[in-house]
Amino acid sequence: ATTQDFAEDAQAAINYLRQQERFAESPVGIIGHSEGGMIAPMVAAEDEAINFIVLLAGPGVATNELMYLQNEKYINAQQIPEALKQSELEKQKTLFNIIKNGGDLPLEKLQDLIFQEYEKRNGGINLRNNPDVQSAVKQFTSPWMRYFMAYEPGPTLAKLKCAVLAINGDKDTQVVAEQNIPGIEKALKESGHQNYTVKVFPNLNHLFQKAETGQLDEYEKIEETVNPEVLEYV
């Protein structure tokens, strides 16, 4: 399944709601979190009867750029030598670009390119039978990843006619607010959209919890599920 499949599922849910008598006169919208914040515009761009969308930590830039910054935030937080951080970031950037630009390549060819990159960074050692590398290559070349890494949200956001609310937390290390909120606003503004609001909440992470670092390993330590201020604002 790819993000496009999930968008079709969301459209099916919208269609079902519209068939229910109790919602016949109700505005219908979509609230999407993270990848859901990519799916909501995909559906609303094709279905002009949708009244509103709410993007909770949704992407506003090309997903390979989003994923690179996400990895940069994670790697820089690790207690490892600086040289190793830079090497890992260079590898990730190269791999993301291979996937993004390899959309039309046969699966075997794309996998071969990724194996070559791993081998190049490990002194030319053959890693084709290494289980960890095999697992990584399989993950990188899954249908979901290939679609996701090639996606550009700007053209979809530019097609929107419905009301849009886009919010983020300033401690989000997965969909970084300072990168993605301006991207969303730029696409909407340049398309002439008049009915949108963007907002960044202080001290909230990707799950809209009050956070100290915003790193993934902090999520399960926080008692709060979703900050009440966010729910009230939405």
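Reader: What is the volume of the largest pocket?

Author: The model examined here is a predicted one. In this model, the largest pocket has a volume of about 310 Å³.

Reader: Which helix supplies the largest share of the lining of the largest pocket?

Author: The lining of this pocket consists of 14 residues, and Met67, Gln70, Asn71, Gln92 and Gln139 are those nearest its centre. At least two lining residues come from each of helix H3 (63-76), helix H4 (82-101), helix H6 (131-140) and helix H7 (143-150). The largest share, four residues, is supplied by H3.

Reader: How many charged residues does the lining of the largest pocket have?

Author: Sorted by class, the lining of the largest pocket contains eight nonpolar and six polar residues. The number of charged residues in that lining is none.

Reader: Which element gives the most to the lining of the second largest pocket?

Author: The second largest pocket holds about 160 Å³ of space. Its lining has 13 residues, with Ser34, Glu35, Gln70, Phe148 and Val175 nearest the centre. Two or more lining residues come from H3 and from H7. With four residues, the element that gives the most is H3.

Reader: How many charged residues are in the lining of the second largest pocket?

Author: By class, seven residues of the lining of the second largest pocket are nonpolar and five are polar. The number of charged residues is one.

Reader: Are H3 and H7 roughly parallel or roughly perpendicular to each other?

Author: Two packed helices are described by the angle between their axes and the distance between the axes. For H3 and H7, the axes lie 6 Å apart and the angle is about 100°. Angles of 65 to 115 degrees count as roughly perpendicular. The arrangement of H3 and H7 is therefore roughly perpendicular.

Reader: Which residues of H7 meet H3?

Author: On the side of H3, the contact involves Thr63, Asn64 and Met67. The residues of this contact are four nonpolar, two polar and no charged. From H7, the residues that meet H3 are Phe148, Met149 and Ala150.

Reader: How many of the 11 residues of helix H2 are buried?

Author: Buried means under 20% relative accessible area. Among the residues of H2 that qualify are Gly36, Ile39, Pro41 and Val43. Their cover includes helix H1 (3-18), strand S1 (29-33), strand S2 (52-56), H3, H7 and helix H8 (153-158). Helix H2 (residues 36-46) is largely enclosed by the rest of the structure, because the number of its 11 residues that are buried is 10.

How values were computed: Residues numbered from 1 in each chain as written. Predicted model: local features only at pLDDT ≥ 70, side-chain atom pairs only at ≥ 80, totals over all residues. Heavy atoms only, no water. 1 Å grid on protein atoms, 1.4 Å probe; cavity = no way out; pocket = protein on both sides within 12 Å on 5 of 7 lines; lining within 4 Å. Points joined across faces, edges and corners; volume = space filled by probe spheres on them. Nonpolar A, V, L, I, M, F, W, Y, C, P; charged D, E, K, R; others polar. Buried < 20%, exposed > 50% of the residue type's maximum accessible area, 1.4 Å probe, protein only. Contact = heavy atoms within 4.5 Å. Axes fitted to C-alpha atoms, helices over the stretch in contact; angles between N-to-C directions. Parallel < 35°, antiparallel > 145°, perpendicular 65-115°, else oblique.
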